[in-house]
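My notebook is open, and I have a few things to look up in this one. Here is the model I am working from.

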Amino acid sequence: MNQRCFWVTDSQLYKNYHDEEWGIPVYDDKTLFEFLILETFQAGLSWITILNKRENFRKALDNFDYKKIATYNESKYESLLKDAGIIRNKLKIRSAITNAQVFMKIQKEFGSFSKFIWSYVNNEPIVNKFQKREDVPTTTILSDTISKDLKKRGFKFVGSTVMYAYMQAVGMVNDHTADCFKYSN
């Protein structure tokens, strides 16, 4: 049996996420946006809660189509507040709309969100060599910097902890611990 990172539970959904997505570099803007939305909704909650609701989010948020989300009106906002399949937090739902709009401004400025976000790591994943759970940080100077920049541009729910989790999710940092079968030496 494969040994996984300390945070993976017995949930098959969690195992699949860890094995097939977490820490694998993502350069596609649509997928980068999906993870950004999921991470912002996760703030203050467990990741398994988000994974369990991911398909509901996909349906409710037009398959994470940032162009559509950016144009959501008050009626759509109200319908999302009533959708029991997602996290019904007023501020987080508003932030998804705002973040979609700012996401597109960054695309316009940099050519793609991918170019923008990956420039923070010189387009190469940071491969950490953490041995155990205690070694893995929840924030770094880099996540602080990205958080401040995104907030300055108008993003919401992008604190340093959220941004570090985002960096891990999209493979900007590889934080598989030494005892994990996905760890690369």
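This is a predicted model: local features need pLDDT of at least 70, side-chain atom pairs count only at pLDDT 80 or more; totals for chains, interfaces and linings use all residues.

I started with glutamate 21, which is partly exposed at a relative accessible area of 25%. My scale calls a residue buried under 20% relative accessible area, exposed over 50% and partly exposed in between, with a 1.4 Å probe and protein chains only.

Residues are numbered from 1 along each chain as its sequence is written, and side-chain values use heavy atoms, with hydrogens and water left out.

**Salt bridges**

Which residue does glutamate 21 form a salt bridge with? I found arginine 54, with the closest N and O atoms 2.7 Å apart. The two sit 33 residues apart, arginine 54 in helix 3 (residues 47-60) and glutamate 21 in the loop between helix 1 (12-20) and helix 2 (29-42). I take helices (H or I, at least four residues) and strands (E, at least two) as DSSP runs, numbered from the N terminus. For a salt bridge I ask for a side-chain nitrogen of Lys or Arg within 4 Å of a carboxyl oxygen of Asp or Glu.

Arginine 54 also forms a salt bridge with glutamate 34, at 2.9 Å between the closest N and O atoms. That pair joins helix 2 to helix 3 across 20 residues. Arginine 54 is buried at 10%, and glutamate 34 is buried at 6%. I then saw that Glu21, Glu34, Arg54, Glu55 and Arg58 are linked in a network of salt bridges. My search of the whole structure gave nine salt bridges.

**Cysteines**

How many disulfides are there? I count zero, taking a disulfide as a pair of cysteine sulfur atoms within 2.5 Å. The sulfur of cysteine 5 has its closest cysteine sulfur in cysteine 180, and the 3.7 Å between them is too far for a bond. Cysteine 5 is buried at 2%, and cysteine 180 is buried at 4%.

**Threonine 177**

Threonine 177 lies in the segment after strand 2 (173-174) and is buried at 1%. Its side chain makes a 2.7 Å polar contact with that of aspartate 179; here I mean N or O atoms within 3.5 Å, one able to donate a hydrogen and the other to accept it, with residues adjacent in sequence counting only if both atoms are side-chain atoms. Leaving aside neighbours within four places in sequence, I listed contacts (heavy atoms within 4.5 Å) of threonine 177 that include Cys5, Phe130 and Tyr183.
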